Amino acid sequence: MNIAELFNRHAASISYQWLNVKLHAQATCSVTVKRLDQIHPSISGNKFYKLKYNFAAAQQQGLNKVLTFGGAYSNHIAATAYAAKLCGFKSVGIIRGEELQYKALNATLSTAQQFGMQLQFVSRAQYRQKQQADFLAQLKQQFPEHYIIPEGGSNSLAVQGCAEILSADDLKNYDVICCAVGTGGTISGLIEASSDQQMVLGFSALKGNFLNIEVAKQTVKSNWNIIDDYCFGGYAKTSPELLSFIQQFEQDFSIPLEQVYTGKMLYGIFDLIQHGYFTAGCRILVIHSGGLQGRLASLDPNHSQSISKKEPTSA
């Protein structure tokens, strides 16, 4: 079984959806969503592309076990667990926050466990060592013959995969490419694939400008920017305003969002449109990166709880 071909077979044709943004703002630009969330029922969005060549590399090395890292709301953890099941691999997830092992699993971690992933909870201090040689050596001793995929799946192989997100038509038909940013792998691939006439705009799910530094290591191109103005305080943090926007957006366009990545990105895009950030006639392509397994239950219109009630605010 060739794993790259297996991934390709499971990739359905990707649809595009134009948005009538005048429902929300006086817009002179066009907005189209590339629905990567529909590419696969369990390895959706950017994770499909980030994992493709990592699993292929593991196979080439004769390995059938993977180990990776993530927080409690990590889309990458859930996607890796299913990809491993699909490819006949075993998987281990190193999860940030040792206190989580004593609590009921949230939707993301429960999904990963159902797909066969062994969850290993570590302290936040230990987790910060995930890129250090000594810590990785300990993991290799504890979990021998495992192919290690970094947090978020972001490495050179992920960038290679994410460069495939943009088609030849995308390079001709759009002026600005927008995506949510978590670890930087997806936007790095988009930057590498983009034309010099395009701008790639990233909406960080985390507070701070450190992602600009990380992405700059992956590319020599300069047609990109990452902003954290719409992170709502940090990773997995939210607000009634954001949740209300997501619900209204879904009602208007019938595109599901979640509150960690895609909801914040679309909120930011619509706010920038409203404030005249984009030039008149600008053609915007929005990359919907999936991650819907982490969606809050209270976003469901049939859910009885009010969105003003307390929601999880940290990973």
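Colleague: In what order do the strands of the open sheet with parallel pairing stand?

Modeller: The order is β5-β4-β3-β6, with 4 strands in that sheet. Strands (E, at least two residues) and helices (H or I, at least four) are DSSP runs, numbered from the N terminus. The model is predicted, so local features need pLDDT of at least 70 and side-chain atom pairs pLDDT 80 or more, whereas totals for chains, interfaces and linings use all residues. Residues are numbered from 1 along each chain as its sequence is written, and side-chain values use heavy atoms, without hydrogens or water.

Colleague: Why are β5 and β6 placed at the edges?

Modeller: Each has a single partner strand, so one side of β5 and one side of β6 (147-148) lack a neighbour in the sheet. Helix α3 packs on this sheet and touches β3 and β4 (contact: heavy atoms within 4.5 Å). The direction of α3 makes about 170° with that of β3; axes are lines fitted to C-alpha atoms, for helices over the stretch in contact, and angles between N-to-C directions run from 0 to 180 degrees.

Colleague: Which residues of helix α4 are called buried?

Modeller: They are Thr-108, Leu-109, Thr-111 and Ala-112 of α4 (residues 107-114), buried being under 20% relative accessible area with a 1.4 Å probe, protein chains only. These residues cover an arc of only 155° around the axis, which puts them on the same side of α4; the arc is that of the directions from the helix axis to the C-beta atoms. The buried residues of α4 pack against α3 (75-87), β4 (90-96) and β5 (118-122).

Colleague: What caps the N-terminal end of α4?

Modeller: Asn-106 does, with a side-chain oxygen 3.2 Å from the backbone nitrogen of Thr-108. Just after α4, Gly-116 takes a positive phi of about 100°.

Colleague: Which strands form the open sheet with mixed pairing?

Modeller: There are 6 strands, in the order β1-β2-β10-β7-β8-β9. The edge strands are β1 (16-19) and β9 (224-227), each pairing on one side only. From one strand to the next, the twist averages 25°. Strand β8 (residues 199-204) and β9 pair in the parallel sense over 4 bridges, and Val-200 stands opposite Trp-224 in β9. Helix α12 (residues 262-274) lies across β1, β2, β7, β8, β9 and β10, running at about 165° to β10.

How values were computed:
Two strands pair if DSSP finds at least two bridges between them. Buried means under 20% relative accessible area, exposed over 50%, partly exposed in between (1.4 Å probe, protein chains only). A polar contact is a pair of N or O atoms within 3.5 Å; within protein, one must be able to donate a hydrogen and the other to accept it, and residues adjacent in sequence count only if both atoms are side-chain atoms.
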